[in-house]
Amino acid sequence: MSLESIILQGKIFIGLSLIFIFQCSNPLDKKPIQENYFNYLVLTTTSLPCHPQSYESPFQFNDTVGDVKAGFLNSPSDVGYLDLVNGSIYDQLDKIEFQLKVETIPDTLNANLSSVNGSPEYEWSFTFRSDHTYKIGIVHYSNGVPERMKFQNFQILVWKNEIFLGGCGNLAIQGDKIHWLCDKNTIPQLGEISQTKSIFIESKQVSQGLVYSDCH
């Protein structure tokens, strides 16, 4: 998680703490404020925004381990598959090579349990920003049929300015590292990636009303 995200977390925590103190000092409010306050933190479906950083190919990053959040501030356990460790991007003449390392990669994950319409159930993505915005990554939408889904079977998808362009390569998994290639001949628009000015990397899961996320 970037320094900017940590600072933003601190500001949110201070703001919510002030609200809590103000409400507790109001004798007319008979609601269980403390319970509502913590429920808000636990049940929120909003994740912190990722802060873009400058981009130049080849691009590499390293992220803090153990910083996955549930909502704004809560730190969940057993979500190592969302915990970004490091990664790289190599933009070549005819293809773009991606590598992503997370803390753990299970053989299978519970899938198709989320009922949030229009939002991915799982996501590990790179978002490129310039005059256009590209999102490339492993993105899975719930189809409403619960199953144990092999991680290997998740698809790599591409969007330009929130318009879906298609699939992009196949996953290769070795230990806790994920690797894939995107062919520019298959999706010619990917040639615009070389114009990228900033980027952020994000992992996310929606489960039982909670948003688990990590970003860099």
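## Val158 and its surroundings

Let's start with one residue. Setting aside neighbours within four places in sequence, Val158 touches Tyr134, Lys135, Ile136, Ile163, Phe164, Leu165, Gly166, Cys168, Ile187 and Leu190, where contact means heavy atoms within 4.5 Å. Val158 sits in strand β10, residues 156-160. (Strands here are DSSP runs of E with at least two residues, and helices are runs of H or I with at least four; both are numbered from the N terminus.) With 0% relative accessibility, Val158 counts as buried; buried means under 20% relative accessible area, exposed over 50%, and partly exposed in between, using a 1.4 Å probe and protein chains only. As for Ile187, it lies 29 residues from Val158 in sequence and 8.9 Å away in space, C-alpha to C-alpha.

Keep in mind that this is a predicted model: local features need pLDDT of at least 70, side-chain atom pairs count only at pLDDT 80 or more, and totals for chains, interfaces and linings use all residues. Residues are numbered from 1 along each chain as its sequence is written, and side-chain values use heavy atoms, with hydrogens and water left out.

## A five-strand sheet

Now for a sheet. Five strands make an open sheet, in the order β2-β4-β5-β13-β12, with antiparallel pairing. At the edges are β2 (59-62) and β12, each of which pairs on one side only. From one strand to the next, the twist averages 10°; axes are lines fitted to C-alpha atoms (for helices over the stretch in contact), and angles run from 0 to 180 degrees between N-to-C directions. Two strands count as paired if DSSP finds at least two bridges between them.

Here is how some of those strands meet. β2 and β4 are antiparallel and share four bridges, with Phe61 partnered by Gly87 in β4. Strand β5 (residues 95-102) runs antiparallel to β13, joined by seven bridges, and Glu97 has Leu181 in β13 as its bridge partner. Strand β12 (residues 172-174) is also antiparallel to β13, through three bridges, and Gln174 stands opposite Lys177 in β13. In the β12-β13 hairpin, two residues lie between the strands, and Gly175 takes a positive phi near 65°.

The term covers a pair of cysteine sulfur atoms within 2.5 Å; here Cys168 is joined to Cys182, with S to S at 1.7 Å. Cys168 lies in the loop between β11 (163-167) and β12, and Cys182 in strand β13, so the link ties together parts 14 residues apart in sequence. Both cysteines, Cys168 and Cys182, are buried. Elsewhere, Cys50 is buried at 13% relative accessibility, and Cys215 is buried at 5%.

## Salt bridges

The whole structure has six salt bridges, each being a side-chain nitrogen of Lys or Arg within 4 Å of a carboxyl oxygen of Asp or Glu. One of them pairs Lys184 with Asp91, with the closest N and O atoms 2.6 Å apart. This pair links distant parts of the chain: Lys184 is in the loop between β13 and β14 (198-207), Asp91 is in strand β4 (residues 84-91), and 93 residues separate them. Lys184 counts as buried, at 12% relative accessibility.

Another joins Lys101 and Asp176, whose closest N and O atoms are 4.0 Å apart. Lys101 is in strand β5 and Asp176 in the loop between β12 and β13, so this pair ties together parts 75 residues apart in sequence. Lys101 is partly exposed at 22%, and so is Asp176 at 24%. Asp94 and Lys95 also meet in a salt bridge, at 3.7 Å from N to O; Asp94 is partly exposed at 37%, as is Lys95 at 26%.

## Gln205 and two tyrosines

Gln205 is in strand β14 and is buried, with 8% relative accessible area. Its side chain makes a polar contact of 2.7 Å with the side chain of Tyr81, and another of 3.3 Å joins the side chains of Gln205 and Tyr122. (A polar contact is a pair of N or O atoms within 3.5 Å; within protein, one must be able to donate a hydrogen and the other to accept it, and residues adjacent in sequence count only if both atoms are side-chain atoms.) Beyond neighbours within four places in sequence, Gln205 has contacts including Leu82, Glu121, Leu210, Val211 and Tyr212.
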